[in-house]
Amino acid sequence: MNPELRRNLWLELSPRRMLLMALILGLVFFAAAVAGGNDFAPAAVAEVAFYFLVVIWGARNAGLSVVGEIRDRTWDSQKLSALTPAQMFWGKLFGSTAYNWFGGLIALAVILVYDLGRIGVIGTLIDFVYFIALGLIAQAVSMLVSLVAVRRRQTHSRFEVFLYQLAGVVAAIAVYYVWRAADPAGSLIARGAAVDTITWWGMALDARSFLLVSLAVFTGWTLLACYRQMRLELMVRNGPLVWIGFLIFIGLYVAGFNAWLSANPAEQYWDVVARRLLLVATVFGSLTYLMVLLEQKDRVLYRWMGGQLARARIDRVFWNFQSWMMSYFAAFVVVAALVGWLHLHAANPLPSQALLVAALGFLTRDCAIFVLFQALAGRRRADFAALAVLVALYGLLPAIIGGMGVHAVGALFYPLTTDPVWLSPALAWGEAAVAVILALGSLALSEKPAPTRRVMA
């Protein structure tokens with residue numbers, strides 16, 4: 001057995017704790033049956049118990065699985081052990097939450113017994129997959145956020161641990177509400193109307209089946225993201241292929257929902273393609289912002305990549321791309337394809353093309369701002385400072401200037417349709433060029449060694 005998992009099982013699943021959990025849950029379900037007076041009450045209480053034990057409490061324990069080791073000053077010795085990243089990841093995720101899953105599976109058994117008489121065997125199996133995936137997503141997201149914080153050398157205060165837990169709970173809440181919308185019988189604790197079908201890539205699919213498969217796939221991606229973060233923490237380099245695979249998957253997945261942007265069933269084919277490309281570009285741009293915020297902007301890595309580019313070693317640069325770089329280039333390619341598609345098929349493409357090019361320019365500027373603040377010597381909390389600058393650029397400055405009655409400079413802050421039409425993209429890319437030059441200049445300056453003083457004998 002996995003040594004890390006075995007160690008955590010010894011710590012979490014002592015006979016006394018297991019007996020205590022079983023007795024408490026048994027008393028709770030018995031009280032619900034007596035007080036409720038029907039077969040529904042214990043199952044509803046069991047659902048609440050599952051959410052508390054596996055989602056809320058389990059997310060906290062998953063978030064503490066590595067942070068707790070850092071607090072106890074045992075994480076460095078564990079990183080030096082012979083455990084592989086896979087062993088460490090699975091041992092931490094399932095070992096730290098083993099007690100939560102013990103109680104959660106007892107509650108889930110009560111739910112499934114009630115489901116057998118309510119929705120049959122197939123429905124019961126679907127609910128089983130849903131509850132297991134819901135718990136895994138909550139715990140994996142919490143652990144993923146904590147590992148990102150570990151990589152960023154956060155302090156891991158109680159409030160920060162609460163934020164890790166909150167991230168997992170929010171992910172579970174999002175899954176719960178999406179799933180409940182497609183559940184024909186509604187939730188045991190909150191019944192509601194159901195969505196029967198979901199239109200995806202022009203196909204009318206059963207909503208429950210489609211969301212179940214989606215839930216399983218996204219659970220797998222979340223677990224894979226945790227594993228890759230654990231690899232980084234154990235000083236094992238990740239290649240770019242997994243993130244490229246995720247970009248391809250999420251692009252194809254999101255592009256299928258183009259029908260949600262238009263209710264016209266007789267829409268022309270080229271309009272359908274344009275909407276799909278727009279959805280993919282939006283998702284890739286959002287991922288770029290997310291990853292450039294979360295990932296470390298390593299000045300040493302960037303200078304090394306610059307040196308490799310100077311030697312025309314494109315392959316080595318590619319294999320060391322960060323996720324935000326790949327997301328940015330994917331967004332660039334999709335926007336370029338959309339601009340070309342509009343040129344071929346749209347009646348008046350210039351306004352739309354100008355907005356797309358301007359949006360890409362602002363994305364370039366914003367990424368350069370994050371790198372710039374990280375490259376500044378002595379700058380702490382650089383990402384927070386970069387976020388503050390973006391808030392000022394997108395919110396405060398336009399509001400101040402607009403309040404002064406000057407509305408003609410809006411194109412300096414976000415994509416707008418202007419006259420002449422090229423003004424907005426020209427301003428956006430002009431700002432992007434300035435930000436990129438400043439970022440590259442700061443990286444080059446930080447490379448120079450500090451001058452040494454000559455000591456006279």
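The model is predicted, so local features need pLDDT of at least 70 and side-chain atom pairs count only at pLDDT 80 or more, while totals for chains, interfaces and linings use all residues. Residues are numbered from 1 along each chain as its sequence is written, and side-chain values use heavy atoms, leaving out hydrogens and water.

The protein has 16 helices and 2 strands (DSSP runs of H or I with at least four residues, and of E with at least two, numbered from the N terminus). Of its 457 residues, 44% are buried, meaning under 20% relative accessible area with a 1.4 Å probe, protein chains only.

The second largest pocket holds about 640 Å³ of space. A pocket is an open set of points on a 1 Å grid over the protein atoms alone, where a 1.4 Å probe fits, with protein on both sides within 12 Å along at least five of seven lines; lining residues have an atom within 4 Å of a point. The volume is the space filled by probe spheres set on the points, which are joined across faces, edges and corners. The table lists the elements that give two or more residues to this lining.

| Element | Residues |
|---|---|
| helix 11 | 299–310 |
| helix 13 | 323–345 |
| helix 14 | 350–375 |
| helix 16 | 423–447 |

Asn-61 is found in helix 3 (residues 40–71). Asn-61 is buried, with a relative accessible area of 17%. Leaving aside residues up to four places away in sequence, Asn-61 touches Ser-96, Thr-97 and Asn-100 (heavy atoms within 4.5 Å).

Notes. Buried < 20%, exposed > 50% of the residue type's maximum accessible area, 1.4 Å probe, protein only.
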